[in-house]
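Student: Could you help me learn to read a protein model? I would like to go through it feature by feature.

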Protein chains: 2
Amino acid sequence: LTENPKYYKTYPEREVHEKFFRDVFEIILKDALFEGIQRDQPVVRFEQPHDLWKILNLKLGRDPAHNHDVLLDLVKDVIKYSVKTGHPYFINQLYSGIDPYGVAAEWVASALNGSVYTYEVAPVFTLMELEVFERMRNIIGFPKNQGDGLFCPGGSLANGYAISVARYKKRPEIKELGLSGVKPMIMFVSEDAHYSFKKLASFQGIGLKNVVGVKVDSRGKMNVTELDKEIQSSIDKGFDPFLVSATAGTTVLGAFDPIDEIAEVCKKYGLWLHVDGAWGGGALMSDTYRDLMKGIEKADSVTWNPHKLLCAPQQCSTFLLKDGTIATDAHATRATYLFQQDKFYEAQFDTGDKHIQCGRRADVLKFWLMWKAKGKDGFEAHIDHIFGLAKFCVEELRRRGPSFKLLLEDPECTNVVFWYIPPSLQDMNQSSPEFWDRIHKIAPKIKERMMRQGTMMCTYQPLRQYQNFFRVVIQSSEVNEKDVTYFLDEIEKCGKDL
Amino acid sequence: LTENPKYYKTYPEREVHEKFFRDVFEIILKDALFEGIQRDQPVVRFEQPHDLWKILNLKLGRDPAHNHDVLLDLVKDVIKYSVKTGHPYFINQLYSGIDPYGVAAEWVASALNGSVYTYEVAPVFTLMELEVFERMRNIIGFPKNQGDGLFCPGGSLANGYAISVARYKKRPEIKELGLSGVKPMIMFVSEDAHYSFKKLASFQGIGLKNVVGVKVDSRGKMNVTELDKEIQSSIDKGFDPFLVSATAGTTVLGAFDPIDEIAEVCKKYGLWLHVDGAWGGGALMSDTYRDLMKGIEKADSVTWNPHKLLCAPQQCSTFLLKDGTIATDAHATRATYLFQQDKFYEAQFDTGDKHIQCGRRADVLKFWLMWKAKGKDGFEAHIDHIFGLAKFCVEELRRRGPSFKLLLEDPECTNVVFWYIPPSLQDMNQSSPEFWDRIHKIAPKIKERMMRQGTMMCTYQPLRQYQNFFRVVIQSSEVNEKDVTYFLDEIEKCGKDL
Ligand SMILES: Cc1ncc(COP(=O)(O)O)c(C=O)c1O
Ligand SMILES: Cc1ncc(COP(=O)(O)O)c(C=O)c1O
């Protein structure tokens with residue numbers, strides 16, 4: 001690059017960049033998509049932050065790179081030391097696998113570098129979003145050819161949109177006047193709901209303390225009697241309730257709140273019903289499992305992240321609405337430099353003003369291309385496969401007797417949660433605090449070992465009264481029964497001497 | 001695909017997907033990155049929404065695609081009918097060009113499908129962010145080895161973060177308690193500030209009306225005497241001022257608010273000073289132009305979008321802070337399932353909890369690789385090139401006499417704003433309302449014609465008292481003097497008979 005007088009130009013040229021593009025592409029294919037995520041390869045090459053800093057040449061300065069080879073070596077190192085989230089043994093988060101059609105579509109979207117706010121700059125993506133949203137709403141069971149949808153930079157912000165439109169529905173004047181001076185507004189989620197509700201409610205001026213975490217039952221599902229009581233009691237105390245969010249697939253336990261019953265309560269109090277299906281929403285694609293969300297068509301809005309259960313590349317998060325205009329009403333500011341009204345096409349196709357983002361990536365393309373490739377049938381087969389495997393995992397855990405203890409006997413989603421009990425603790429009294437103190441320290445140790453060896457990545461966490469337990473999440477349809485057996489073997493291997 | 005029993009799997013396999021990947025890659029190279037954005041190719045193949053719907057096969061259904069060829073044809077059509085934002089004649093928005101290193105890095109990031117919230121899943125990207133933020137803060141002039149930074153899904157949300165931390169600084173109890181019951185909080189931007197302040201302030205419960213748009217001078221720069229008056233008057237009326245945002249490069253006119261003077265006012269009233277350099281921030285890379293932001297080191301926080309003036313692919317937006325802990329203090333909710341405190345590495349490297357997002361794409365990689373490739377010197381050369389061209393454009397407009405009228409005689413950024421006056425209007429009295437009524441209708445007509453022919457895309461807009469005018473934005477360093485001449489010729493060609 002130091003020899004090329006135009007090295008800084010923001011435009012690709014065949015003579016200068018073709019070979020570089022091809023070389024990067026070969027590295028991606030080999031190291032990130034094919035050989036690099038085979039089962040015999042490490043999921044991670046873990047290094048402590050200070051060591052990794054020394055290994056990688058991350059420093060930035062004044063000078064350009066000498067040539068493309070320098071950059072290619074950097075790319076190789078970035079891939080080498082990055083966690084292989086597409087590896088079948090990466091079951092650490094609510095995203096994993098790497099969908100071939102999704103990733104190819106991301107490459108196209110990056111090369112087109114579009115921003116989806118006006119039809120004039122994003123004609124294809126605008127229409128594509130309309131189609132995707134209509135299909136998703138149909139699957140939810142919302143009325144045909146109505147409603148709305150927004151792609152969001154994550155399910156957290158999708159839940160933030162739910163807070164915003166529900167608040168607007170109840171008190172539209174807040175858009176203009178703000179919350180100062182109004183009665184404290186209050187919203188209800190289950191105590192196992194995703195933390196984004198607290199985070200966004202705080203960001204949006206509602207306040208952490210006005211997010212009520214309604215008690216859950218032993219399966220992690222919202223207790224609807226408690227919900228009713230909490231709402232009534234908040235009214236009695238002078239609060240202004242405006243929103244209930246039912247979680248369809250909680251983050252840790254994978255529980256589905258009873259939407260039908262919650263809908264009744266919302267009706268009774270005139271509250272907005274949101275369903276956070278960021279995680280579990282994908283199960284709507286399966287005729288076998290969609291009943292986990294029975295009643296979802298009664299919701300006013302739904303968060304559904306195709307990047308979770310359906311394995312679209314990150315980010316791909318949607319916020320779906322029964323009402324066709326409220327998102328625009330709540331958010332539009334009608335900037336005249338972008339949303340001109342004297343255009344030569346119908347201004348309704350400029351969909352940007354209902355978002356809180358201005359520039360916005362074309363996250364739709366990856367999901368659309370995946371859908372084109374596999375059809376709803378393909379998504380269904382994927383869901384049926386991974387839900388089946390989760391059941392297999394539960395059976396396998398039971399079969400392994402005293403070494404494993406299920407936290408939930410009958411998980412509803414593909415989260416399987418359990419403790420590993422090493423031989424040294426198997427004879428202890430399981431109702432003693434000492435036992436649980438010891439158990440609490442087991443999972444972090446095992447996690448450390450599996451990460452240092454790079455053999456697998458699986459998360460652990462405490463929850464409410466429960467001490468650290470493992471959460472296996474089955475999400476990639478590459479995973480098979482042998483892999484599930486491997487997960488449990490590996491946990492045992494890393495923990496049996498503890 | 002219909003013949004492959006495992007067609008739905010979310011995992012790439014050489015035998016099944018290699019050819020597909022390669023075919024998609026060839027299409028991208030040819031249609032999106034090389035031949036497709038040559039000057040003799042259309043910027044857009046415009047079709048009205050209903051016609052485009054008929055041309056494209058967007059519908060989604062139950063069935064998988066028969067084979068990869070079907071998908072490849074779809075990809076070709078998506079590219080064909082998408083706007084070529086990398087084309088040198090696309091000067092319609094505050095993003096354009098397509099940086100070769102940026103786009104290659106995006107491909108890598110997509111294939112790694114990472115989420116940057118914990119070090120354990122994103123070791124490389126976590127350290128990379130730290131390095132990029134430190135360098136950016138150094139360039140701003142913030143103290144070394146201190147401060148903070150966040151990648152945001154757009155400059156709008158970066159500005160939202162400014163609102164959030166400034167509010168937290170003034171009234172930390174709002175995080176917990178919400179805004180209800182507190183004095184109305186009020187913030188100050190210029191009347192030409194980006195609409196995201198209004199949008200986010202409303203979303204965050206501050207209310208549209210509590211965003212004061214301070215008058216600007218004839219060059220579009222905030223009038224600081226007015227600012228002082230507005231703040232004083234808001235205090236007198238019982239409001240609680242908390243934030244002033246100076247814009248460094250306004251969206252339409254490219255004006256730079258006088259940061260030094262605004263900093264004095266902020267000091268006087270004890271207010272948070274934010275600088276929205278989403279658009280102009282890139283000029284900090286140039287020793288020649290960085291003085292446009294004189295005093296920026298006095299800011300408490302800065303929005304800076306490398307995806308705008310520096311041409312990183314979308315999205316690449318940063319929020320930079322002088323204070324190292326306030327973003328965490330303001331936003332953290334300490335979810336125990338993700339930010340476990342009993343990890344085997346230092347928990348400070350889990351940087352996710354300061355964000356309002358949970359999952360978050362690795363937007364850092366593209367900017368980092370661009371920086372590695374070009375060095376700060378390369379960014380400087382890029383900035384100097386495009387700022388120079390903007391000056392050339394102004395001279396050229398002056399030279400063309402009565403056909404063009406500059407709105408700003410001396411634009412500060414690379415926005416060049418002007419009216420085209422067709423021969424039929426050149427003899428009219430320019431102080432008559434009729435003249436301006438006629439002028440107002442000229443730009444939309446010209447825009448329609450250039451889009452229908454696909455020869456160029458350049459935006460127009462009204463602003464305050466000004467009727468529809470053109471805004472040429474020079475941003476891609478591929479653009480040269482001949483191109484600038486072409487832009488003006490093309491406007492004349494499309495408008496001379498009006
Ligand atoms: C139930 C639930 N809702 C919302 C979210 C937030 O989604 P995102 O990470 O896309 O912000 C998550 C993330 O795990 C989740 O599990
Ligand atoms: C001055 C300014 N600030 C903020 C933004 C918002 O940036 P984004 O589109 O990334 O949300 C823009 C967008 O054009 C802008 O011009």
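Tutor: Happy to! Let's start with salt bridges: a salt bridge is a side-chain nitrogen of Lys or Arg within 4 Å of a carboxyl oxygen of Asp or Glu. A search of the whole structure finds 87 of them over all chains. In one of them, the side chains of A:Arg62 and B:Glu380 meet at 3.0 Å, N to O. A:Arg62 lies in the loop between α2 (49-55) and α3 (68-81) of chain A and B:Glu380 in helix α12 (residues 364-399) of chain B, so the pair joins two chains. Helices (H or I, at least four residues) and strands (E, at least two) are DSSP runs, numbered from the N terminus.

Student: What should I know about the model and its numbering before we go on?

Tutor: This is a predicted model, where local features need pLDDT of at least 70 and side-chain atom pairs count only at pLDDT 80 or more, while totals for chains, interfaces and linings use all residues. Residues are numbered from 1 along each chain as its sequence is written, chains are lettered from A and ligands numbered from 1 in the order in which they are written, and side-chain values use heavy atoms, with hydrogens and water left out.

Student: How many residues of chain A are in contact with chain B?

Tutor: Contact means heavy atoms within 4.5 Å. Here 184 residues of chain A are in contact with 183 residues of chain B. For chains A and B that is about 16,200 Å², with 60% of it on carbon and sulfur atoms. A:Leu60, A:Phe203 and A:Phe344 supply 6% of the area that chain A buries against chain B, more than any other three residues.

Student: How many salt bridges cross the interface of chain A and chain B?

Tutor: The rule finds 16 there. In one, B:Arg14 and A:Glu35 bring their side chains to 3.1 Å, N to O. Helix α12 (residues 364-399) of chain A gives the most to the side of chain A that touches chain B, with 15 residues.

Student: Where does ligand 2 lie?

Tutor: Ligand 2 lies between chains A and B. A residue counts as near it if one of its heavy atoms lies within 4 Å. Of the 17 residues around ligand 2, those that come nearest are A:Gly359, B:Gly155, B:Ser156, B:Thr251 and B:Asp276. The largest share of this shell, three residues, comes from helix α6 (residues 155-170) of chain B.

Student: What about the backbone?

Tutor: Most residues other than glycine have a negative phi, and most peptide bonds are trans. In chain A, a cis peptide bond joins A:Gln314 and A:Gln315, with omega about -15 degrees. A:Gln315 lies in the loop between β7 (301-304) and β8 (317-321) of chain A. In chain B, the bond from B:Gln314 to B:Gln315 is cis, with omega near -10 degrees. B:Cys311, in the loop between β7 and β8 of chain B, has a positive phi near 65 degrees.

Notes
Buried area = accessible area lost by both parts, 1.4 Å probe.
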